[in-house]
Amino acid sequence: MRWLSGFRSGAFRFALLLALVFGAGAALLLAVVERSISRYAVEATDGGLKSEAAILQGEDREGGRSNLLQAIALHRRAGGEEAFRYQLTDRRGRLLVNDIGTSNAKIGWGEVEVLDDPQDAGARPEMLKSLGVPMPEGGVLVVATDTYDVQELRRGLDRFTLFAGVFITLFVLAGGYLLGGLFMRRLDRVNDAIGRVMAGNVAERLPTIGISREFDLLSSNLNAMLDRIGALMEGLRQVTTDIAHDLRTPLTRLRQQLEATREANSIDHYTAGIDVAVLQTDQILAIFRALLRIGTLEGGDGRQYFRPVNLSEVIGHVVAAHQPVAEDDGKALLAEHEPGLVVAGDAELLAQMLTNLIDNAIRHTPAGSLIVSKLERMDDSVIATISDDGPGVPAGERVNVLSRFYRLDRSRHLPGTGLGMSLAAAIAALHHARIDLLDNTPGLRVRITFPKSPPALEHSASPSKNQAD
């Protein structure tokens, strides 16, 4: 039944544990308080009896027996409600005063049982604590008092502690039940949302529980995980679509080439056809390798191997390797690199990203273009920029350029797979770097902003000595 869910909740079990702890604490407190009250009652009663007996001994010593009897009579009237009761015997054992009702007077501590009204058959006996002392004029004086008030106080304290403990325990349990019901209702909302996600509604997100910051942080982290999973699923769907769409053409050309080769009427034509088919197959395999590489990078694989990388040296080597290629193509490739700039990452992947960007700039700009590679520190961040003065990319298509297989209409006749920029974007994302495609007026400017590196990384790498000019 739903109303029983509150009893099964963790909040109720926690409240039950608190109630048990409180009950044990209340019992311990009761024992300590009762022991303290008992000790106080004994000390107060004993002190009163000792003080009263000493005073009367002094009266007997200084004024004789007559003064003692007058003092006892005076103390009776002054005490009120017979605070003390007395029994006095002379040296011969004769009773001179007897408020106690027994003739068994003895020296030392003791207890005596008396009846307030001996004529009342239903009267209950009362226990008195007594102290007997020898008198200077001879005989024995017994002073007794009842402990009824103290005992009543102890019983009242016991009842109060018991009732208070039971009430607070029940209050804690009731609060635990209500809190457990509230927690279960909010948790049911989360479970319902999880059920909808499992049923296929990947856009569903978990509501906040609202009980505490820790639970809200848990919901937030789970939603971030769902966002990540959704992005990966969308990427997988997009890759599947892209593969089906963009590999159709090279596979069709490969099939046509193989059919043409099968109809070849000479060994030379047959061999040439096979060579073309092998080349086309290598291009298809290169596409698959690039896709697998992008998928691996987008999954975050390899980040655990990051080390301090002197980015100035890496980009210097990449630019130096591409300057002859740019010159052969009638273009100029210049470098403006600050030395000794260090980031956390994988040197090989960073070199691949920069290679793709520079290759892209060389292939998509006309002869006579100027390509500039720039590396600088700005606001505690390291920024790498590859800019050119070519035709650029329309503002509305810059985001698409980073997608798999996307190629501008004017570039479709050029060789390539359309995966270079998407691979560069995946490498940048793996390094927590932001890649922006900006207008260079004219041309395109690709800017990669790396996060601030920890000081330990900066000190662990030596400054670059060989920079590209």
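Here are some friendly notes on this predicted model, point by point.

1. Ground rules. Residues are numbered from 1 along each chain as its sequence is written. Because the model is predicted, local features need pLDDT of at least 70 and side-chain atom pairs count only at pLDDT 80 or more, while totals for chains, interfaces and linings use all residues.

2. Confidence. The mean pLDDT (the predictor's confidence in each residue, from 0 to 100) is 78, and 78% of the residues reach 70 or more. Over residues 407-414 the pLDDT is below 50, and this stretch has 14 contacts in the model beyond near neighbours in sequence; a contact means heavy atoms within 4.5 Å. Residues 454-469 also stay under 50, with 29 contacts beyond four places in sequence. Where pLDDT is low, the predicted coordinates should not be read in detail.

3. Overall make-up. The protein has 11 helices and 12 strands, which are DSSP runs numbered from the N terminus (helices H or I, at least four residues; strands E, at least two). Of its 469 residues, 36% are buried; buried means under 20% relative accessible area, exposed over 50%, and partly exposed in between (1.4 Å probe, protein chains only). Among contacts between residues at least 6 apart in sequence, 63% join residues at least 24 apart.

4. Helix H3. This one is worth a look: residues 148-198 make a helix of 51 residues that reaches 72 Å from first C-alpha to last, close to the 75 Å expected (1.5 Å times one less than the number of residues). Its buried residues include Gly 165, Gly 176, Gly 180 and Gly 181, along with Phe 183 and Met 184. Just after H3, Gly 200 takes a positive phi of about 120 degrees.

5. Together with Leu 162, Val 166 and Leu 170, Phe 163 makes a nonpolar surface patch of about 420 Å².

6. Lys 331. This lysine sits in the loop between H7 and strand S7 (332-337). At 6% relative accessible area, Lys 331 is therefore buried. Leaving aside neighbours within four places in sequence, the contacts of Lys 331 include Ile 362, Arg 363, Thr 365 and Pro 366.

7. Glu 313. Helix H7 (residues 311-328) holds Glu 313, which is partly exposed because its relative accessibility is 28%. The C-alpha atoms of Glu 313 and Gly 340 are separated by 7.8 Å, although the two residues are 27 apart along the chain.

Conventions
Side-chain values use heavy atoms; hydrogens and water are left out. Patches are made of residues with over 30% relative accessible area and no salt bridge: like charges are joined within 9 Å, nonpolar side chains (Val, Leu, Ile, Met, Phe, Trp, Tyr) within 5 Å. Accessible areas come from the Shrake-Rupley method with a 1.4 Å probe; for residues, only the protein chains shown count as cover. A salt bridge is a side-chain nitrogen of Lys or Arg within 4 Å of a carboxyl oxygen of Asp or Glu.
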